[in-house]
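Look at the chain below and follow it part by part. The text after it goes through a few features in turn.

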Amino acid sequence: GALLVNERIDREELCGALSPCSLGFEIVVENPLELYSGTVEIQDINDNDPVFPSSQARLEISESVAAGARFPLESAQDPDVGINSLQTYQLSANPNFALDVQTRVDGSKYAELVLEKELDREEQRELNLVLTALDGGSPPRSAQVQIHIDVVDANDNAPVFNQSTYKASVRENTPSGTLVAKISAYDLDDGPNGDIIYSFSSHTPAKVRELFALDSATGELRVKGQLDYEETKLYEIYLQAKDKGAVPGVAHCKVLVEVVDVNDNAPEVTVTSVYSPVPEDAAPGTVVALLSVTDLDSHDNGLVNCFISPGIPSSQDSYDVYVLENNMPGIPILNVSATDPDLGRNAHLSYTLLQGDTTFGHLFSINRENGTLYLLTSLDHEDQVEFNMMVQIQDGGFPPLDTNVSVSVFVTDLNDNAPTVLYPHPNTTATYTDVVAPGTPAGHMVTKVVAVDADAGYNAWISYTLLQATDPSLFSVGLHNGEIFTARQLREDDAPEHTLVILLKDHGEPVLSTSATISISVAEMVKEVLTDLTDVAPANDPRRHVTFYLILAVILVSAAFFITMLSVGIFKCYKWRQSRELYNSSRSTTYRTPGPFNHIDAVRGGFTPPSFYHQVYLTTDSRQSDLLCKKPFTSSPLGSRQGTIRNGEPGLYHQIVGTASRLPTPAE
């Protein structure tokens, strides 16, 4: 298990300026099968000297330059990192210049000459200085550069940038020639002394010059090389503007270019271990391979999802699909996969969506050839959370064989509903005023804002904050329950009327919010508040008429109901008296012969033609309502046309039977 160095390690060759420098490895341990990751950090030693781009630097400085002017110097480069990298600069002693060492965003050092005493060309035409770069090793390594300064006559107006720092962002892998930023400077001089030339500052790293190009006439900074977010995320570019005078005036600015990551790196899959062949009786969950997946991109671009390719048979009898609400119509959401071991047409499969619910045909569609399930419309989590359906897979044989697969589609929630205020109701002209008595102590609950959110889960969590108040120190609101409390005891000098604006926010992304307005009166009795409210109540409230009409409608409906019930009672009493008279008259004879009155009712009722008349005998003790038919009356003019009761119309027959069945027996 020992890890050995196989060859000489050069940290600068492996990692360059990246620190810390580390190499990763993975170890597989079997029986039991385990995977471990390890990292070897390559530590730096001070084996490199600082190096200047050239052995001599030349500057031209006008004698009119005021004290405090700064002149950037070429930076030395040291491939070592940490304390072994370039740490500081030193300048040879001189009466005019001092050295100021600055630090870039990436931690590297650069030096600037600072003029402490104004130059005089008539006294001294040139100066020679020595700049020394030192690293932090022990002992330190160093490098030197000769600085030759020519003092010339002044061009008394130098260019001036309209801003000292420019900021821009550009996506990595942006094509060459893409505009990044445009710098601008002006010079108050005329002629050549006012013409400006833009260029990179002398201490701009060579890497930056390879990636960016600067137009000397327009000041346009464009992409020149290939930008890589994974290599550098931010570039700090120093530019200068110089006029064309005999002694050019120079101005300096800085451009910060942020590189935006794009998904330009595909995930890399490393097969750590494969166990093959796999026994056919291997239990589900048996490990058959170990994989490692990495993606060099950042944030969401670096997240990976692992799944098995659709071309591989991974068959199952049910599917669960999760779809975000407010989706785009027509998107594929699932690929139903199945195999058939037959050959030819017998193995050709077709997929059909069984229409268990007629609405599914408008929501979902499946490709008959490949089993891709499409969502035809946008779904709403608040309307329906789950859809269950069956997919039938049928082969092309004769007779065709088929199987069914259940599919469950779950609609996940998005934060697309703002909180809704239930109290106080926002869409009304009525004024909701809560009352609190003077002298109420702190912590007293005055009222409560009631709200709901149609979303679900975290998107429906509502928080309440006091956005605006007549006296912010007097009331407070519960963060999660909307309860409004007194924050301190009410005093006599407090205002009698208070208006609170409560901000309600959910916890979704993005956050949705609404507000509610609460009116609170400080009064001894509710009567005082009601008196005040009469002054602000609307003069002509249309709802009063609606209330009057509702009360009138209730009264009319109640009166109609009472009259109807009274009429039904009177009718029932009348029918009861008729039945009693019929019973009393039937006790005077063994048989009762219907008279002309029954004949007239039958004719008028439309049961039999008026030319027919029947004599019917009913026994008073008959429980079966037997019908006895006799010969016609000899005195009746209709007797010759009279037949039996069963030859007449059925309506008359049933009417007679029904009447007979209600006659009381002698025992009753």
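The model shown here is predicted.

Now take strands S26 and S27. Strand S26 covers residues 386-395 and strand S27 covers residues 402-412. They run antiparallel and are joined by nine bridges. To find one point of contact, go to Asn388, whose bridge partner in S27 is Ser408.

The next topic is aromatic rings. A pair of aromatic rings is described by two things, the distance of the centres and the angle of the planes. The pairing rule requires centres within 6.5 Å, and by this rule there are nine aromatic pairs in the model. One of them is formed by Phe71 and Phe97, with 6.5 Å from centre to centre and 70 degrees between the planes, an edge-to-face arrangement. Phe71 belongs to strand S4 (residues 70-72) and Phe97 to strand S6 (residues 97-103). The two residues are 26 residues apart, and the pair links distant parts of the chain.

Phe71 has a relative accessible area of 17%, so Phe71 is buried. For Phe97 the value is 4%, so Phe97 is buried too.

A further pair is Phe364 with Phe387. Their ring centres lie 5.5 Å apart and their planes stand at 70 degrees, so this pair is edge-to-face. Phe364 is in strand S24 (residues 364-366) and Phe387 is in strand S26, so the pair ties together parts that are 23 residues apart in sequence. Phe364 is buried, at 2% relative accessible area, and Phe387 counts as buried at 4%.

Rings can also be seen beside a charge. Lys233 lies over the face of Tyr229, at 5.1 Å from the ring centre.

Finally, turn to residues 548-571. UniProt, in an unreviewed entry, lists this stretch as "transmembrane region". In the model, the span is 100% helix and 0% strand. Its end C-alpha atoms lie 35 Å apart.

Terms used. Residues numbered from 1 in each chain as written. Predicted model: local features only at pLDDT ≥ 70, side-chain atom pairs only at ≥ 80, totals over all residues. Heavy atoms only, no water. Pairing = 2+ DSSP bridges. Helix = DSSP H or I, 4+ residues; strand = E, 2+ residues; numbered from the N terminus. Phe/Tyr/Trp six-rings, centres within 6.5 Å; stacked < 30°, edge-to-face > 60°. Buried < 20%, exposed > 50% of the residue type's maximum accessible area, 1.4 Å probe, protein only. Lys NZ or Arg CZ within 6 Å of the ring centre and 35° of its normal. UniProt positions renumbered as here; feature names shortened; annotations may be inferred.
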